[in-house]
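Please open the model in your viewer with the sequence panel beside it, so that each stop of this tour can be selected in turn.

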Amino acid sequence: MNAGSPVGPYVDPYSAPQIVSTNGPADDRGEEPKARRRRTRLGIERPWMDPRDLWLESLAGVMARPLRSALTTLGTVLGITTLVITIGVAATAGNQIVGRFDALTATSVAVTVPPPPPGAQSVPLVSWSGPEQVERLSGVESAAALGTSDKTANVRVRANEVVSPGVTNGTTLAVTASTLNLPAAVRGEMTAGRFFDAGDIAGHDRVVVLGDQAAELLGITSVEDSPAVFFADQSYTVIGILGGIRREQQLSTSVIVPYTTAGERLGLENVSRVLVNTVLGAAQQVARQAPIALSPGHEGSLAVESPADLSKAKKNVEGDVNGLFLVLGLVSLVVGAIGIANVTLVTVMERVGEIGLRRALGASRRQIAFQFLLESTTIGLLGGVIGAVAGIVIVVGVSITKEWTPVLDLRLAVGAPVAGALVGLLAGLYPSLRAARMEPVDALRGPA
């Protein structure tokens, strides 16, 4: 050192070296361009790393050990895939269950008519022509009226007229009066023969239709030979068997008689129940209008049964399915985060020499921390992307197999990679901070 040269403060060459930039010409003062330098507290220039260079360095670190990176990514992939499947299958299953609920219940409306007071001679609240009035309402597909009473709830019915002394013959069944369109109203079908028509009603014919279970109890399987049944000391010809009943299933063990015949011969003169089928979405409106159509001015005396609110049912179904599987996804994500943290920490320990060399060449603690933090975030992001794709494919595959309509939220496809990157970011915090705290001298003494 010359005697005339100024003496400045001592600077540790490892902690804050002065680096000559090669990225551009120096100005008249011998300084580097502002875009490539950063002045420290000691007045020494420290290089500034471009974000693109930092990204490339992090990507190179990830790709340097592809097998390890792939196995590390697998934990995040499993976690994100489980979450996507959970949310997707929950929404799809909820939609499917609610759809089935729509088909079976959400289009069914029933109106119950109270019995008249004993000895009353007043006009019935609902006439047998009431279903015709209801069918005129918008959204109604079919309607039918039924009539029952305590006297006809348990009637001894026989399939032959031979009565053996001392032997109990026949089966106890319910006898029900009905209007036309009952098979459509109960969503059943004629398994044999036919249902009675307008001619049978107008002629007060002694004909009956048996529920499928009632026909089985009576031993009647076919109506080709016009079998007869006997009850209330009269014979009735069986013209059909009604099966597949999904509404008012008690009718499967009933003997169904035209309402004109039932009123004349059995005393079933009053309507006790009206069944209405609607199109999807019209049930609530029909439930409000049907009592008015059936009994104008006395609609308050009728009891209406309408389906529950479907939106609440759908939310409940989705909530139950989400609660069942969400824990699995969270556990998988935690396992993935631990895996990323462990591998990143091992990588830091293996690259101690590299860290020391970068620090000796002027890299700051922040740059070292950012590099390893970006590596773990990249692994998490890759796991999130792969997991989102795998989860969506599985949800669609399950839906196709079950013949369901897949329900996928666009926010799920965007949020899953972000969630994976966040997991990687949090998992890399400790390893990156440990790498940044290494002193250059100690790091250079470590393994290369």
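The model is predicted, so local features need pLDDT of at least 70 and side-chain atom pairs count only at pLDDT 80 or more, whereas totals for chains, interfaces and linings use all residues. Residues are numbered from 1 along each chain as its sequence is written, and side-chain values use heavy atoms, with hydrogens and water left out.

**Aromatic pairs**

The structure holds three aromatic pairs; rings of Phe, Tyr and Trp (its six-membered ring) pair if their centres lie within 6.5 Å, with planes under 30 degrees apart counted as stacked, over 60 as edge-to-face and the rest as tilted. Select Trp128 and Tyr259, a stacked pair at 4.9 Å centre to centre with 15° between the planes. This pair links distant parts of the chain, 131 residues apart, since Trp128 lies in the loop between strand S3 (108–112) and helix H3 (130–134) while Tyr259 belongs to helix H7 (residues 259–265). Helices (H or I, at least four residues) and strands (E, at least two) are DSSP runs, numbered from the N terminus. Trp128 is buried at 14% relative accessibility, whereas Tyr259 is partly exposed at 23%; buried means under 20% relative accessible area, exposed over 50% and partly exposed in between (1.4 Å probe, protein chains only).

Next select Phe195 and Phe196, which form a tilted pair at 4.1 Å centre to centre, with 35° between the planes. Phe195 is buried at 11% relative accessibility, and Phe196 is buried at 2%.

**Strand S3 and its partners**

Now select S3, where four of the five residues are buried, so that the strand is largely enclosed by the rest of the structure. Which strands pair with S3? S3 runs antiparallel to strand S12 (residues 273–278), joined to it by five bridges, and is also antiparallel to strand S13 (residues 303–305), over three bridges; two strands pair if DSSP finds at least two bridges between them.

**Strand S6 and its partners**

Move to strand S6 (residues 171–178), which pairs with strand S4 (residues 140–147) in the antiparallel sense over two bridges; Leu146 stands opposite Ser178 there. Strand S5 (residues 155–157) also pairs with S6 in the antiparallel sense, over three bridges, and Arg156 stands opposite Thr172. With S11, by contrast, S6 pairs in the parallel sense over five bridges, and Thr176 stands opposite Ile256.

**A loop residue**

Select Ser252, in the loop between strand S10 (234–243) and strand S11 (254–258). Ser252 is buried, with a relative accessible area of 8%. Not counting residues up to four places away in sequence, Ser252 touches Gly211, Asp212, Gln213, Ala214 and Ile245, where contact means heavy atoms within 4.5 Å.

Select helix H8 (residues 283–294) and look down its axis: Ala283, Val286, Ala287, Ala290, Pro291 and Leu294 are buried. These buried residues fall within an arc of 130°, so they line one face of H8; the arc is that of the directions from the helix axis to the C-beta atoms.

Finish at helix H10 (residues 352–360), where Val352, Gly353, Ile355, Gly356, Arg359 and Ala360 are buried. They cover an arc of only 160° around the axis, which puts them on the same side of H10. Just after H10, Gly362 takes a positive phi of about 115°.
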